[in-house]
Amino acid sequence: MIIPTSYYLVLSGVLFGLGVVAFIFKRNVIAVFMSIELMLNAVNLAFVAFARAHQQLDGLVFVFFVIVVAAAEAAVGLAIVIMLAQNRESLNVERVNLLKF
Amino acid sequence: MMMLNHMWIVLLLPILGAAINGLFGKKFPKAAVNSVAVGSVALAFAAVCELVREFWLLPAGSVPWVQSYYTWMVAGETTSHPFRINFALQLDQLSVIMLLTVSFVGLLIHIYSIGYMEHEGGYYRFFSYMNLFMFFMLTLVLGANLAVLFVGWEGVGLCSYLLIGFWFRKKSAADAGKKAFITTRLGDLFFMIGILLAFWTFGSLTYGDMFGYAAEKMQPDTLAHPGVLTWIAVLLFIGAIGKSAQLPLYVWLPDAMEGPTPVSALIHAATMVTAGVYMVARMNPIYSRAPIAMYLVAVVGGVTAFYAATIALTQTDIKKVLAYSTISQLGYMFLGCGVGAYAAGIFHLMTHAFFKGLLFLTAGSVIHAMSGEQDMTKMGGLRKKIPITYWTMLIATLAIAGIPGFAGFFSKDEILEAVKSGPHASLWLWAVGVAAAGLTSFYMFRLLFLTFFGKPRFDEHHAHVHESPLKMTIPLMILAFLSIFGGWVAAPKLAGGIDYFDRFLRPVFTRYAPAPAVPEVASASGLSPGMQLLFAVMGIPVILAVIGLLLAWWFYIKNPDAPRKLARKLHGVYVLLLNKYFVDEIYGALIVRPLLWLSTNVLWHVVDSGVIDGAVNGTAAVARESGGVTREMQSGNARSYASWVVAGAVGFTMLLLAFIGLAVR
């Protein structure tokens, strides 16, 4: 049985949507961070699905790039989270709003 | 031929002097400033002399001698009428006369200034400006086209402004400088339009090209059919009215007396103000083809000569009398040019430079002796105390009054004779000119008697009256010599001979003259009955001059109370003249006040504050208000930014889908 590409895309879209919603509504920095990972992986899924549908390797190569960037982002991001925790004694993103007009 | 090929040396010397004194003079001792300033003018005069000597040896065919040094401006080279102006200098008989007069009188006045300005601050500044003036004046008379002339024309105006306002801390001096600059600028506007019209008409601004074109390709204008030549002549003449202080733009010259006296002598008597006369004489081929403009020149000149003389009757400031006298004498020069006697006009220009320069310098010497007093009613009895000044001023007064034998007599009578019997004779203008001659004699002797005769009307213990030093009196004596003998070149004519001055200048005025060439003034009266007539005509101005002298003597020496009685009897006339016909007040009410009102209430409060500031402030306010609204977006909250990103992405996707849907359908 071959699973149609659209199934993967719908799943990817749902995961991405969940990531977006979580990014907007979660207050904890860690959770926001995880939602970003969720969105990235949703996109990865879409890439893989298209790569399979078109029988081309380009999408798979892109997935590796995304994974690498996500790893780097995790490293930097977690460092920022640790500094935030040390300086603010809180992980609430609502309180991180100094960079404005 | 060295100087002829390098005429620019004449111009370089004074501007070098001006630059050296202007840039470094502040640190120089006074002697160094003197040497640079007087030395540069002296060298320029020497260069002029050498130039004239070489000019004398030139064959007649190469006059006018034109040298072009570089291309100054070019525009529209690919068109059929390119606008090309060279920095070119021209030497002909007219420039020779002007060069000699300007550089020599300028040199004498520079020497005089050493003594006069000795105790003044800004010594180097004064001489720097004076040298700069010499540069521009020489440029004006040497230029071979109207554009170079215009450079000199504006440059002397600038120097005039700077030197009138030399004592700029004094408000009246600063105001007088501005008045002179603005008033002459009004004339210069028309002058510039005239230049542009001349280029449009002739396709060139070079004298030779312009006159050649007018002579060969154009019909002379007539009284009934004025054309473009008349327009050019009139527009240029309006510039001359401003520069040479004729009616109605003369008002700046009396105020210009705020400047130091050597400045009044050099700029406002001998040279700059005569630039208008020079210009008219230079453009004679145009004027001779524009009879209406000629008549205008004659009428403005004649009326100004009389008008200014009447004002001079009542003035008590010694320099103001001389200022109005200058306006009046300039009127004579224009009168001469206006009736076609250009040579007579230039002759009077030259003799006037001598005797009026001398009058101003002697007046300066009197003021110097009186420690700054200029009011003649507070002088008197100075004859014995400052004898050199007295004798030289007496000579100058005799010259300006037209007493036979002195320079002014020859030139003034030549003009009056041309007005009476020349090709464009006009009897009423002759009458006006003769009346002005009588008035001239009266007010000049009034000045002389009030200053030097009678009882001293000042505190003798307080005022330390002293004769001026030699460096001031030697220029006086040289000018006095010229005021007597400077006119004698025309003397043989009186005996039926040749007027050498007229003959020398003749080529300039006949070369491009319209069909009936200017008849030789001298030859007409060569016969003995004609000579009789000539003497008869000349008699009237002379008789009037003597009457003026006697009246002045009767009023100011015999019966010192008489002027006051007469003033009381003719109170209205006296007040009118004393206040200079209220012209300054009328101009103030008609032009200055409305302009000020317009500037304050419309241009300032409405246009500037309202429109211009409003536009600028409005732009700023729009930016601020819109920024105030949109800056709320920058909350600093990462989640709200994410929301914007999502909203944007969703919106963009929808838009894309909508387009795709449209395209598919």
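Colleague: Which residues touch the most other members of the largest nonpolar core?

Modeller: Val280(B) and Val297(B) do, and the core holds 210 residues. Helix 16 of chain B, residues 342-369, contributes the most to this core: 17 residues. This is a predicted model: local features need pLDDT of at least 70, side-chain atom pairs count only at pLDDT 80 or more, and totals for chains, interfaces and linings use all residues. Residues are numbered from 1 along each chain as its sequence is written, while chains are lettered from A and ligands numbered from 1 in the order in which they are written.

Colleague: What makes a set of residues a nonpolar core?

Modeller: Its members are buried Ala, Val, Leu, Ile, Met, Phe, Trp, Tyr and Cys residues, joined through C-beta atoms within 7 Å. Buried means 20 or more other C-beta atoms within 10 Å of the residue's own; exposed means 12 or fewer, partly exposed lies in between, and C-beta atoms are placed from the backbone. A second, separate core has six residues, including Val20(A), Phe23(A), Phe33(A) and Val93(A).

Colleague: Which residues does Val280(B) touch?

Modeller: Leaving out residues up to four places away in sequence, Val280(B) touches Phe237(B), Ala240(B), Tyr287(B), Val297(B), Phe334(B) and Cys337(B). Touching is contact: C-beta atoms, placed from the backbone, within 7 Å.

Colleague: Why is Ile164(B) called buried?

Modeller: Ile164(B) has 30 other C-beta atoms within 10 Å, so it counts as buried. Ile164(B) sits in helix 6 (residues 146-164) of chain B. Among the residues it touches are Ala173(B), Ala180(B), Ala256(B) and Gly259(B). Met257(B) is 93 residues from Ile164(B) in sequence, yet their C-alpha atoms are 7.2 Å apart.

Colleague: What makes a run of residues a helix or a strand?

Modeller: DSSP runs decide: H or I over at least four residues is a helix, E over at least two is a strand, numbered from the N terminus. Chain B has 27 helices and two strands. Chain A has three helices and zero strands. The pattern along chain A is α-α-α.

Colleague: How do you know that the length of helix 15 of chain B agrees with its 21 residues?

Modeller: The expected span is 1.5 Å times one less than the number of residues. For residues 318-338 that gives 30 Å; the end C-alpha atoms are 30 Å apart, so the two agree. Helix 15 of chain B is largely enclosed by the rest of the structure, because 21 of its 21 residues are buried. Just after this helix, Gly340(B) has a positive phi of about 90 degrees.

Colleague: What about helix 9 of chain B: is it mostly covered or exposed?

Modeller: Mostly covered, with 13 of its 16 residues buried. Helix 9 (residues 228-243) should span 22 Å; its end C-alpha atoms are 23 Å apart, which agrees.

Colleague: What radius of gyration does chain A have, against a compact globule of 101 residues?

Modeller: Chain A has 17 Å, whereas such a globule would have near 13 Å. The radius is taken over C-alpha atoms, and the rule is 2.2 Å times the number of residues to the power 0.38. In chain A, 14% of the 101 residues are buried. In chain B, 50% of 665 are buried.

Methods:
Contact = placed C-beta atoms within 7 Å.
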